[in-house]
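Please look at the structure first, then read the notes below it.

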Amino acid sequence: MVKICGIGAGYVGGPTMAVIALKCPSIEVAVVDISESRISAWNSNKLPIYEPGLEEVVNQCRGKNLLFSTDVEKHVHEADIIFVSVNTPTKIKGLGAGKAADLTYWESAARMIAHVSNSDKIVIEKSTVPVRTAEAIGKILTHNTKTKGINYQILSNPEFLSEGTAIQDLLNPDRVLIGGNQDPQGLDAIQKLKAIYTHWVPQDRIITTNLWSAELSKLADNAFLAQRISSINAMSALCEATGAEVSQVSLALSKNTKIGPKFLNASVGFGGSCFQKDILNLVYICESNGLTEVANYWREVIKVNEYQKSRFVHRVVTSMFNTVSGKKIAILGFAFKKDTGDTRKTPAIDVCKGLLGDDACLSIYDPRVTQNQIEKDLSMSCSGVKHVNVVGDAYEATRDAHGVCILTEWDEFKTIDYERVYENMVKPAFVFDGRNMLDVDKLRKIGFIVYSIGKPLDQCG
């Protein structure tokens, strides 16, 4: 039996290994992590992350060919193939601080693999890493096991998952990318990994490249997606100034087959763990290679995203008579997108920070994010959370509020009884739709003053 070990039981490692176990019942899959609480959660009825369909997959495989363990060294030692899905955050100090990826966890994993291994292994980069990371990892592995005569092959197999649809992305991927050395040993390792994916992925969706192309493709992928979001958000500002409607502009663009419809929804801004981190990493790589103009180009994508969030806060404050001091503002949605509980780099943090900076009182509701997580995120970004109240439903959040901010596109926010909400709010009652998901005309008929991103301002009451 082939044995696979996945190092890292987070948003990438857990779901990826679970789906491999589901589709390859003859392969033994172990997911390992040094966090006892995280592994305990994976072994419980309350998984540490929320993804639609994940619980069903785990329940089907756990205890059969899928296990979760803190005995990292044992399972790495036994494995034939090792997927490394550890965190690669942006460095906060030292060379490249604020831009470069921090590979501390990756280096630690590589040194541990070298220490416990006694047999040939394929080591797979699943985390998003800078170009030529495989070269550095290869040096650590080979220089620490010279006397053992072990052969390591390093592959890049980046994830292309979207939180909220991760299981479907794994079950029915639009492509699987595998990069490796182009010598006989590297090509053989590529074929071994490809054979695993062909259990359920059509061969024409499996792309094989050299290592460096695969590593760069992941950064480029996220940069291009974030660029589209910032592009349509930039257009939303122009729409508001000129009387155009961004949804109509988006529709017109989407019908151009060279552009397509994806990632053309204007919003309060992008969030999540990847986009900003990977663009900053790309900026650093460009600067390190003397490509200043290219670095500046990608840096602007992040600047527009920051501008969009501050523009939203400015609109809230100026619409409400230039002050929100002492006013209750309902925040509907805190996760960075629907169908996930992830709050990393969520626009809601910056919006809340901006409103709290003007002494607003916030009442926050999100169906998936816990009170502890919200308070933790805001306490790290703001001076305190004494004016923050986390509540259990949208009606409680909006009761006696002066304004409502929609910051996550949860489906349930479309079906709220807004007449009931209006009756229980302070008048005039404002709605600030940061996701362009509500029927603006219907809200105005109820009596709300509505601001929706990318809609003409002369219609906003």
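One aromatic cluster is made up of Phe-312, Phe-321, Phe-430, Phe-432 and Tyr-451. Rings of Phe, Tyr and Trp (its six-membered ring) pair if their centres lie within 6.5 Å; planes under 30 degrees apart count as stacked, over 60 as edge-to-face and the rest as tilted. The model is predicted: local features need pLDDT of at least 70 and side-chain atom pairs count only at pLDDT 80 or more, while totals for chains, interfaces and linings use all residues. Residues are numbered from 1 along each chain as its sequence is written, and side-chain values use heavy atoms, with hydrogens and water left out.

**Aromatic pairs**

- The structure holds 13 aromatic pairs.
- Tyr-297 and Trp-298 form an edge-to-face pair, because their ring centres are 5.0 Å apart and their planes stand at 80°.
- Tyr-297 is partly exposed at 45% relative accessible area, whereas Trp-298 is buried at 10% (buried means under 20%, exposed over 50%, partly exposed in between, with a 1.4 Å probe and protein chains only).
- Tyr-365 and Phe-413 also pair edge-to-face, with 6.2 Å from centre to centre and 65° between the planes.
- This pair links distant parts of the chain, 48 residues apart: Tyr-365 is in strand β10 (residues 361–365), and Phe-413 is in the loop between β12 (403–406) and α16 (418–423).
- Helices (H or I, at least four residues) and strands (E, at least two) are DSSP runs, numbered from the N terminus.
- Both Tyr-365 and Phe-413 are buried.

**Charges over rings**

- The charged end of Arg-315 sits over the ring of Tyr-451, 5.6 Å from its centre.
- Lys-427 lies over the face of Tyr-422, 4.7 Å from the ring centre.
- For such a placement, NZ of Lys or CZ of Arg must be within 6 Å of the ring centre and within 35 degrees of the ring normal.

**Nonpolar cores**

- The largest nonpolar core has 61 residues, of which Phe-312, Leu-355, Tyr-418 and Phe-448 touch the most other members.
- Helix α13 (residues 347–356) gives the most to this core, with six residues.
- Apart from it lies another core of 38 residues, including Ile-20 and Val-201.
- A core is a set of buried Ala, Val, Leu, Ile, Met, Phe, Trp, Tyr and Cys residues joined through side-chain atoms within 4.5 Å.

**Cysteines**

- The count of disulfides (cysteine sulfur atoms within 2.5 Å) is zero.
- The sulfur of Cys-361 is 13 Å from the closest cysteine sulfur, in Cys-352, too far for a bond.
- Cys-352 is buried at 0% relative accessible area, whereas Cys-361 is partly exposed at 26%.
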